[in-house]
Amino acid sequence: MSKTGDLTGQLLQLLDNRLLDPLEILLEDAGVVDEVRGLVRRRAAGWARILETGDDDAAIRMIARLIGTLYTGDQAFTPPVDWWRTPLGQIVVRRAGHPFAVSVSYATAGAMLGISRQGVHDLVRRGRLPRHPDGGVPVDAIRARLRNAPPTEEST
């Protein structure tokens, strides 16, 4: 499956689990929700394309809409470390960085970069990634590293 296909699949799964399934339970009417589910399925690939290839402003607006819809709550958006390894997490860090953090832990930086926490430690020690004055790694440095990295066999 292509990267856009993986991203589309994750978006569809999240929308089903967090939005459509609860709506079906609330309304007690699968028929009404099935119409919306069909519309979401038709649009998800377009949303994934915006995230992957749209201009930065369009991608950031789409990220804001998705996070605001899928991760509601009174607290700031703080996904678990492994979320950053998902197709959506990877596109968020490449296109927008972290929505609310200036720096992240070595473990989170590793997930964002697709390497281990020890790998991040080694990059910081060798001066390839800066250390944030308050600890961790600046999100801007992670984003810059991801955006400037040549594509690998795995990412094409």
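Some ground rules before we start. The model is predicted, so local features need pLDDT of at least 70 and side-chain atom pairs count only at pLDDT 80 or more, while totals for chains, interfaces and linings use all residues. Residues are numbered from 1 along each chain as its sequence is written, and side-chain values use heavy atoms, with hydrogens and water left out.

Overall fold, then. We have seven helices and two strands. Both are DSSP runs, numbered from the N terminus: helices are H or I with at least four residues, strands are E with at least two. The order from the N terminus is α-α-α-α-β-α-α-β-α. Along the principal axes, the C-alpha atoms fill a box of roughly 60 × 35 × 25 Å.

Next, burial. Of the 156 residues, 38% are buried. Buried means under 20% relative accessible area, exposed over 50%, and partly exposed in between, with a 1.4 Å probe and protein chains only.

Look at helix α4, residues 87–95. Seven of its nine residues are buried. Among them are L88, I91, V92 and R95. Just after α4, G97 has a positive phi of about 80 degrees.

Helix α5, residues 106–113, holds T108. T108 counts as buried, at 12% relative accessibility. Leaving out residues up to four places away in sequence, T108 touches V81 and W84. Contact here means heavy atoms within 4.5 Å.

Now the salt bridges. The rule is a side-chain nitrogen of Lys or Arg within 4 Å of a carboxyl oxygen of Asp or Glu. That gives nine.

Which residue pairs with R95? It is D56, at 3.0 Å, N to O. R95 sits in α4 and D56 in α3, residues 56–70, so the bridge ties together parts 39 residues apart in sequence. R95 is buried at 8%. D56 is partly exposed at 30%.

D56 has another partner, R147, with the closest N and O atoms 3.2 Å apart. R147 lies in α7, residues 139–148, so this pair with D56 of α3 links parts 91 residues apart in sequence. R147 is partly exposed, at 41%.

D122 and R125 meet at 2.9 Å, N to O. Both lie in α6, residues 117–125, three residues apart, about one turn. R125 is exposed, at 59%.

Last, a network. Salt bridges link D16, D21, E24, D34, R37 and R41.
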